[in-house]
Amino acid sequence: MDADLESLVALNLTGLVGAALHRRLCDHFGSARAALRAPRSELKRVPGIGELTSSAIVEQSRSGAAGAEIEAAAAEGVSILPYGSPGYPASLATLHDPPLVLYVRGSLEERDLLGVGLVGSRQATPYGLRQAARFGGELADVGVTVVSGLARGIDTEAHSGALRSKEGRTLAVLGSGVASIYPPENRFLARRIAERGALLSEFPLRSTPVPENFPRRNRIISGLSLGILVIEAGEKSGALITADWAMEQGREVFALPGSVESPMSRGAHLLIRQGAKLAETAADVLEELPPLAPLLAASAGPAGVSPLEHAVLRELGGKSRTAEAVAASSRLPEVTVSAALERLSVRGLVVCDGPLFRAAPTP
């Protein structure tokens with residue numbers, strides 16, 4: 001069993017150690033594994049760790065629960081991706097507070113980096129439900145991965161709309177464990193999502209949903225997305241928390257206008273007054289997000305080029321640029337941009353000159 005994975009799962013099982021404390025533990029002890037072997041008195045010397053957290057870490061180190069959790073996940077067909085591992089989503093790795101581990105039922109693909117979050121109220125109106133399904137389908141039709149939270153209302157319709165698209169992909173980020181689907185009426189939908197995308201959670205496998213989980217869940221929805229579209233939301237909707245996370249993470253925020261007579265439109269209208277971009281169609285979203293703009297005219301791209309590679313080629317334009325510069329302008333992770341440039345270079349679509357890349361001349 002991977003020692004690093006087991007160590008991070010153990011820290012995550014405490015429910016008290018996030019990315020910041022994990023970094024401090026590693027700085028102090030050299031690794032998470034070493035921290036789990038430390039005595040309580042030494043743990044308490046780490047800033048931010050008191051009696052409660054140190055006791056929880058010591059208890060986890062002795063319990064063997066992490067090994068049992070990893071075995072249970074494997075038996076359920078669930079992957080656990082530790083922070084820093086090759087399969088861990090690059091878009092989450094750059095967050096200030098990334099999940100220590102990510103439970104995944106289904107699969108993550110490179111094209112999921114071209115994701116847009118669709119969020120909104122659980123008490124949605126018929127108008128909101130129709131629009132969530134419409135945007136989910138339109139975005140999925142052009143190759144965007146739809147990211148949402150599997151909740152009742154807007155989330156359910158956004159996922160369902162994406163799945164109606166022939167090649168549509170969607171990711172559902174849960175406020176419970178991936179083996180504890182909530183709400184229960186979405187169990188069948190969850191199975192379909194796992195077949196055409198993934199269910200994801202930072203919470204232990206069989207965690208039940210509790211209110212405090214959902215604001216934390218929302219930062220992962222926005223973290224996996226290039227932008228967030230609020231379909232319909234009241235003034236105190238949890239969707240506004242997702243929009244706040246998106247702004248903090250440097251993601252674009254969009255909002256769909258609704259009826260001035262509907263309380264479920266007030267949150268979206270508030271966001272528009274605060275500077276969110278008004279979106280009436282999927283094109284309004286695609287045009288504002290550099291990696292997604294090429295999807296509006298995907299047929300103009302070279303044959304055999306993926307949407308993500310097309311986005312990288314578009315950012316190169318006619319200039320010689322470094323991978324870092326392309327990543328900065330496209331808002332894609334640098335490691336992903338570098339890999340795409342290397343693939344394009346091998347196929348003769350990009351010319352590499354040291355650290356600089358440029359599009360190959362058209363024959």
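Q: Which residues of helix H13 (residues 266-273) are the buried ones?
A: They are Gly267, Ala268, His269 and Leu271, where buried means under 20% relative accessible area, exposed over 50% and partly exposed in between, with a 1.4 Å probe and protein chains only. Helices here are DSSP runs of H or I with at least four residues, and strands are runs of E with at least two, numbered from the N terminus. A word on the ground rules: this is a predicted model, in which local features need pLDDT of at least 70 and side-chain atom pairs count only at pLDDT 80 or more, while totals for chains, interfaces and linings use all residues. Residues are numbered from 1 along each chain as its sequence is written, and side-chain values use heavy atoms, with hydrogens and water left out.

Q: What do the buried residues of H13 pack against, and which glycine follows the helix?
A: They pack against strand E7 (227-232), H12 and strand E8 (252-255), contact being heavy atoms within 4.5 Å. After H13 comes Gly275, with a positive phi near 115 degrees.

Q: Why is Ile57 called buried?
A: Ile57 has a relative accessible area of 0%, so it falls on the buried side of the cut-off. Ile57 sits in helix H5 (residues 51-63). Beyond its neighbours within four places in sequence, Ile57 is in contact with Leu11, Thr14, Val17, Leu25, Ala35, Leu36, Leu43 and Ile49. From Ile57 to Asp4 the C-alpha distance is 15 Å, across 53 residues of sequence.

Q: Which residues of helix H2 (residues 19-29) are buried, and why can they be said to line one face?
A: Ala19, Leu21, His22, Leu25 and Phe29 are buried. Seen down the axis of H2, they fall within an arc of 160 degrees, so they line one face of the helix; the arc is taken from the directions from the helix axis to the C-beta atoms. Just after H2, Gly30 has a positive phi of about 100 degrees.

Q: Why are H11 and H12 called oblique to each other?
A: The axes of helix H11 (residues 213-223) and helix H12 (residues 238-248) cross at roughly 50 degrees and come within 8 Å. Angles under 35 degrees count as roughly parallel, over 145 as roughly antiparallel, 65 to 115 as roughly perpendicular and the rest as oblique, and H11 and H12 are therefore oblique. Pro215, Asn218, Arg219, Ile221 and Ser222 in H11 meet Gly238, Ile241, Thr242, Trp245 and Ala246 in H12. By class, the residues of this contact are five nonpolar, four polar and one charged.

Q: What kind of peptide bond joins Tyr182 and Pro183?
A: The bond is cis, with omega about 0 degrees. Pro183 belongs to the loop between strand E5 (170-173) and helix H10 (187-195).

Q: Why does Ser91 count as buried?
A: Its relative accessibility is 10%, so Ser91 is buried. Ser91 is part of helix H7 (residues 90-93). Not counting residues up to four places away in sequence, Ser91 touches Leu113, Gly223, Leu224, Arg251 and Pro333.

Q: Where is Gly168, and what makes it buried?
A: Gly168 is in the loop between H9 and E5. A relative accessible area of 1% makes Gly168 buried. Leaving aside neighbours within four places in sequence, Gly168 is in contact with Ala140, Ala162 and Arg196. The C-alpha atoms of Gly168 and Gly197 are separated by 8.6 Å, and the two residues are 29 apart along the chain.

Key: Axes are lines fitted to C-alpha atoms, for helices over the stretch in contact, and angles run from 0 to 180 degrees between N-to-C directions. Ala, Val, Leu, Ile, Met, Phe, Trp, Tyr, Cys and Pro count as nonpolar, Asp, Glu, Lys and Arg as charged, and the others, Gly among them, as polar.
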